[in-house]
Structure formats: C-alpha cells, structure tokens
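Let's take a walk through this fold, starting with a pair of helices and ending at the sheet.

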Amino acid sequence: MKKTFFKTAMFGAGCFWGIEEVFRNIPGVVATEVGYAGGNVKNANYEQVCSDETGHAEVVRVTFDSSKISYKKLLEVFWKIHNPTQMNKQGLDIGVQYRSVIFYFDSSQKKEAENSLKTEQKKHTRVIATVIEKIGLYIKAEDYHQKYLMKRGKGSCVV
C-alpha cells in the first residue's frame, strides 16, 4: 500500500472565500478550511476580525498530499492569485485581515517561503508586502464561511 504524506500550509491573500476555492481545486490538495490567524484574540469571530482590532488575517489552511503536490507549487499558486505588493488590501477589500501572509509550520516551509519571496520580488517593480510568519493562534472560521463559493456554485468572488 502506498503511503501518503499529508502536510499543512496556510496562506492569507485577501478574502478567504476566493483563495479557498482556488486551492480546493488543485490536484493533491485533500482539504481546505478557512479561518483567522496571526492575531492576538482567542476565539475571535468574523465581526471582530472585520473590526481590524484583532490583528487576524483571513486565511486558508491547506492540507495536501506531498507525494502529489509540493509546498513549492502551492507557493507558486499563492503568488499568482493576488497582488503581493498591496499592503493590507486586495482589490476593494481593505484592512489588516486582507494582508498578504504566508504562515509556516516548520523551518523547511520557512526557508521555501523566503526563497519564493526572493524569486517573486524579481517580477515586481514595487516591494512585496507579503510577510512570512510562524503559525501561532489559528481559529477556524464560522461554518457559513467554509467552502462559501462552492456552496453557491461560484468559482470566484469576481462579479
């Protein structure tokens, strides 16, 4: 029997609904979950996160089979699906919760994220605002946010 190697990655790149939908559809991704990370309020809810006072970012937690897709490939997707040069915003969404962030779970992910940022920076004239942080507090978002676009038959947040 073939062994599977499930690992976890976590990204913030604006509104978590669209980010989750992108990652959910990647072959090798076995699960996604949206939540709040990087803040300082335990058990924060959506309304609190939207207040810009918790410090949390909207994130997607990605569980992936590393024998089918690499963390490096997930990072490549991350860079493509948002504008990493915008500070605390994506499109019309403005606030700390929409910041561009990579949360790492171990030193290997940290190193890969840092290397990918250096590579990505070469493609931009503006400085990348993305931050790379060790995962700390994480709160699963309310059930109605989970797979939000899929439940509504939409492929993205764009109208």
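Which residues in α3 meet which residues in α4? Tyr71, Lys72, Leu75 and Trp79 of α3 meet Gln109, Glu112, Ala113, Ser116, Leu117 and Glu120 of α4, where contact means heavy atoms within 4.5 Å. Sorted by class, that contact has five nonpolar, two polar and three charged residues; Ala, Val, Leu, Ile, Met, Phe, Trp, Tyr, Cys and Pro count as nonpolar, Asp, Glu, Lys and Arg as charged, and the others, Gly among them, as polar.

Keep in mind that this is a predicted model: local features need pLDDT of at least 70, side-chain atom pairs count only at pLDDT 80 or more, and totals for chains, interfaces and linings use all residues. Residues are numbered from 1 along each chain as its sequence is written, and side-chain values use heavy atoms, leaving out hydrogens and water.

Back to the helices: α3 (residues 71–80) packs against α4 (residues 107–121) at an angle of about 40°, with the axes 10 Å apart. Axes are lines fitted to C-alpha atoms, for helices over the stretch in contact, and angles run from 0 to 180 degrees between N-to-C directions. Helices (H or I, at least four residues) and strands (E, at least two) are DSSP runs, numbered from the N terminus.

Now for the sheet. Six strands make an open, mixed sheet in the order β7-β6-β1-β3-β2-β8; strands pair if DSSP finds at least two bridges between them. At the edges sit β7 (131–134) and β8 (138–140), each pairing on one side only. Strands β2 (residues 29–37) and β3 (residues 57–65) pair in the antiparallel sense over eight bridges, and Tyr36 stands opposite Glu58 in β3. Helix α3 packs on this sheet too, touching β1, β2, β3 and β6 (100–104).
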